[in-house]
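Work through the exercises below with the sequence and the model open. Each task is followed by a solution in steps.

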Amino acid sequence: MTLQKEPIIHVDKLTAGYEESVILENVSFDVYPGEIFIVLGGSGCGKTTLLKQMIGLLKPISGQILIAGRDIVNAEGEERLKVLRNIGVMYQRGALFGSMTLLENIRLALEEFTDLPPPAMDLIAMIKLKLVGLNGFEHYMPTELSGGMQKRAAIARAMALDPQILFMDELSAGLDPVTSVELDCLVLNLARTLKITFVIVTHELPSIYLIADRVIMLDKGAKGIIATGRPQELREHSENIYVHRFFNRAVSSRSTATA
Amino acid sequence: MPVEKQKTEETTVAIEAETIHPDTLVLKIAGRLDSETTGKAWREATGILDHSSPARLIVEAAEIEYCDGSGIGLLLELHLRQNKTGGAFEIRNLRSEFQQLLSLFNPAEFEKPVNQRLEHDAFPEEVGEATYNYLKDLKLLVAFVGEIVISLINAFLNPRRVRWKDVFHVLETAGIDALPVIALISFIMGLILAFQSAIPMRQFGADIYVANLVALSMLRELGPLMTAIVLVGRSGSAFAAEIGTMKINEEIDAMTTMGIDPFQFLIVPRIVAAFLVTPLLAVYADLIGLIGGSIVVMSLGFPLVTYIQQVVSAVTYIDFMGGLLKSFVFGIVVSAMGCFRGMQTKIGASAVGISTTQAVVSGIILIVFIDGIFSVVYYYLGI
Ligand SMILES: Nc1ncnc2c1ncn2[C@@H]1O[C@H](COP(=O)(O)OP(=O)(O)OP(=O)(O)O)[C@@H](O)[C@H]1O
Ligand SMILES: [Mg+2]
């Protein structure tokens, strides 16, 4: 459901890349508040690159990115912190701080940005862990967890400050189907109850049909967006062969799975 | 025996060359082209082509029984050679299953050398590139030093923002844990210095001046220098490895997006700790070095009191403070270099190793360089 409000993320004519190469060219799109927005595309097409642009880790070659009306590209100091406080990021490989326990990982942002008393921080951190089903693992080090658990812990950390927008790179890659569905439900829940906006990179088709409000599909050759819309729309009428094949393989694999 | 026969068939390939027309060469390939046999076939076939570059090459493939990836490689290679010399190429009667495999590869895609990065550039080009990279590195280093200074000033203005827990942790690993190594090295240093100088000095009846020599060189030069070198090896490398690993695991990115300044969080505690601990370690090294020297002097027959008196009369406060000042600088340089190389770590598993090595090498070079500058400055100041 596209809510016709002011967009919370506005990407305008973004061109991005690395020293030697341009990865994305002239990409524009909007994300609206409360939306679950999915970024699709083959390996190496620039999904992570796009995400890193949106969270201000990489500077675009040209173009504009507004997060909740603030220009993240040129923001400095306090202004930048205001933007960053409103976003949470889950990295493709978790990126938990290896020298801290799970609890400390989550507490860190609270320590830096709030003046809560320490017991309150502990409690809030435990609540976040409970939310991703990791209660009881507070004092584990990240290396003592399985890959999927690390991913869930990373989500808990991304939510430490209750941000308005959560960015997730490869939400369900490497997770078993049950956990993956649980995560989908968690995302849906958070989006509906807390009105959190999600920008998620994923390839799991069942997951896309379950949670996506809108999808964009990137392509390496086109260096940009080749399709945008609701997943059902794209499945039924997309002009692009690649998009068509992607979504219809979804249907066939789903029907064989249920058969 | 049939089994025997099958076995020989399995591992053989035969190539026959025949010139059927002044400029048409037919290569008849028979047998199995697999990873075991293709090497031989490759050498034979390319050997034939090296001698004659036919305007037209026909590969008669009817008798190829089996052809896997390496066989396809050979066929492609023949095709590419013909393309290069501008000759025509044709494969006849290749079985359809192999034909299908071959048709997956377009020779044009393989015309460029596989690994361009490994190709060596011309010497001047390499020199130019190395110089450019060196200057770029220097520019980054200057920017890094600037950021460190800003962070340190910030830390000084708001000491509560410094993560003292981390500072104490580094003080422990870089300082306390280094005590045994530094003790060992300085003790032996003092011993060697005294011993080596005692023999020639004795000839002049100047054995007691061994104490002066040991005291001056330990306090002014060797104490701070050896401490700094141990610090590079133990802590500079550790800083580079720790920060480099965090960089690779995207932990630094995560920190940045959490609004936490990696400089404030990771680098300031390490530099503050090194700044505090290096002079202390240097004093410790001085002391142990003097103890080492005392053993030799006492074995020459002097009482300990004489040694101590000689040492006290030989060195001034200025000598001691000069050495101390150096170790403050060394501490900052070593830790900053470790952190700098760590932050510079690129992607990949070998990247951390590279940064660690670079941290140690550039740390040692910088230390020796700075030590030289100090010597010159002290000389002109008359210290
Ligand atoms: N740090 C970097 N320096 C140079 N090039 C990079 C860097 N990171 C990524 N690239 C290049 O940018 C392109 C896009 O990479 P990116 O990580 O955005 O892909 P992706 O869509 O996230 O892929 P995946 O699904 O595998 O995670 C790739 O071709 C990659 O080689
Ligand atoms: Mg990615």
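**Exercise 1. Give the strand order of the open sheet of 4 strands in chain A, and name its edge strands.**

Step 1. The order is S2-S1-S4-S5 in chain A, and the pairing is antiparallel. Strands (E, at least two residues) and helices (H or I, at least four) are DSSP runs, numbered from the N terminus. Two strands pair if DSSP finds at least two bridges between them.

Step 2. Strand S2 (22-31) and strand S5 (70-71) of chain A are the edges, since each pairs on one side only.

Step 3. Look at one pair: strand S1 (residues 9-17) of chain A is joined to S2(A) over 6 bridges, in the antiparallel sense. Within this pair, His10(A) has Asp30(A) of S2(A) as its bridge partner.

Step 4. Helix H1 (residues 47-54) of chain A lies across S1, S2 and strand S4 (62-67) of chain A. Its direction is at about 125° to S1(A). Contact means heavy atoms within 4.5 Å. Axes are lines fitted to C-alpha atoms, for helices over the stretch in contact, and angles run from 0 to 180 degrees between N-to-C directions.

A note on the source: this is a predicted model, in which local features need pLDDT of at least 70 and side-chain atom pairs count only at pLDDT 80 or more, while totals for chains, interfaces and linings use all residues. Residues are numbered from 1 along each chain as its sequence is written, chains are lettered from A and ligands numbered from 1 in the order in which they are written, and side-chain values use heavy atoms, with hydrogens and water left out.

**Exercise 2. Describe the open sheet of 6 strands in chain A and the helices on it.**

Step 1. This sheet has mixed pairing and the order S6-S7-S8-S3-S9-S10. Its edge strands are strand S6 (87-90) and strand S10 (224-229) of chain A. On average, neighbouring strands are turned by 15° against each other, direction ignored.

Step 2. A parallel pair is formed by strand S3 (residues 36-40) and strand S9 (residues 214-219) of chain A, over 4 bridges. In that pair, Val39(A) stands opposite Ile216(A) in S9(A).

Step 3. H1(A) packs on this sheet too, touching S3, strand S7 (165-168), strand S8 (197-201) and S9 of chain A. The direction of H1(A) makes about 150° with that of S8(A).

Step 4. Helix H5 (residues 147-158) of chain A lies across S6 and S7 of chain A and runs at about 170° to S6(A).

**Exercise 3. How much area is buried between chain B and chain A, and which three residues of chain B supply more of its share than any other three?**

Step 1. In contact are 17 residues of chain B and 23 residues of chain A.

Step 2. The buried area is about 1700 Å², and carbon and sulfur atoms give 58% of it. Buried area is the accessible area (1.4 Å probe) that two parts lose on being put together, summed over both.

Step 3. The three residues are Glu250(B), Thr257(B) and Met258(B), with 39% of the area that chain B buries against chain A.

**Exercise 4. How many salt bridges cross the interface of chain B and chain A?**

Step 1. A salt bridge is a side-chain nitrogen of Lys or Arg within 4 Å of a carboxyl oxygen of Asp or Glu.

Step 2. The rule finds 5 across this interface. One of the salt bridges joins Lys52(A) to Glu250(B), with the closest N and O atoms 3.6 Å apart.
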